[in-house]
Amino acid sequence: MNKILILHAFAKAEQEIKKRGVLKPSLTQMATELSAFIEEKENFILGERSLRDYRGDALKLNDDESDISIKQIAVINGLCQYLGFHNYQEFFQNKNSKRIEPQPDMIKSKPNYSQVVKLFIAASTIVFIAFLIYKYSHRQRWMVWQKDHYVEVNFDAKKYGVRNLKLYKEDRVLSFNKVKVSCDTIFFNNDNSVRFWYGKNKNKEIEYFTDLGLHPETGKTLKPITDYMINKYVCID
């Protein structure tokens, strides 16, 4: 099951990156996407190289009975969530479903990319709809990004759009905000730890946030503020 899990996670990462305008995502870009998601959801850091190694090990297996070992349970849980499953148990219960079985040409030969993309989109749609139905039936809490902060909302795909609805996280609602900074802003605590993180929005403009995590619009991992960034972009003469 770990073999199927890692292969499908990379397949979905490829499609998500393509949606952001990258025509041919590299393995490093896909692995970085997964690494950032795992860190955000499970608070566990696993380098992109390790994820690429897991994928490489999975591709080397030639029979359905063989599997790879992913030792970190946080990585397994994170990959399951990335694919739209609540946890590994839910993923495992669907092991016989066609929507999570890898196509033979995805593993053993060069794929027909057009066919693979169509199959992936169809499978992802089924998985996502099932995920939303499951979560809503269990009264999952939701939140959306509004201008400069997250707010809790009721599930309403028509009003907010499916892609804008995110699973509710109390720390995001209470402490994650987009703010304006100036040269007078106190960027570091007394122990020199950072108080702000930054990232570029869809218009390539730098924005600043009060906590680490992913940019609410682009989904890219925010970076901690540095003296270099302050001097170059904030304290401009």
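The dialogue below reads the strand pairing of a predicted model.

Student: What should I keep in mind about the model and its numbering?

Tutor: The model is predicted, so local features need pLDDT of at least 70 and side-chain atom pairs count only at pLDDT 80 or more, while totals for chains, interfaces and linings use all residues. Residues are numbered from 1 along each chain as its sequence is written, and side-chain values use heavy atoms, with hydrogens and water left out.

Student: In which order do the 3 strands of the open sheet stand?

Tutor: Strands of a sheet pair through backbone hydrogen bonds, either parallel or antiparallel. Here strands are DSSP runs (E, at least two residues), numbered from the N terminus, and two of them pair if DSSP finds at least two bridges between them. In this sheet the order is β2-β1-β3, with antiparallel pairing. Because β2 (149-153) and β3 (166-167) each have a single partner strand, they stand at the edges, and one side of each is left without a neighbour in the sheet.

Student: How many bridges pair β1 with β2?

Tutor: Strand β1 (residues 142-146) pairs with β2 over 5 bridges in the antiparallel sense; Met-143 stands opposite Glu-152 in β2, and Gln-146 has His-149 of β2 as its bridge partner. The two strands form a hairpin with 2 residues between them, and Lys-147 in the turn has a positive phi of about 65°.

Technical notes. Helix = DSSP H or I, 4+ residues; strand = E, 2+ residues; numbered from the N terminus.
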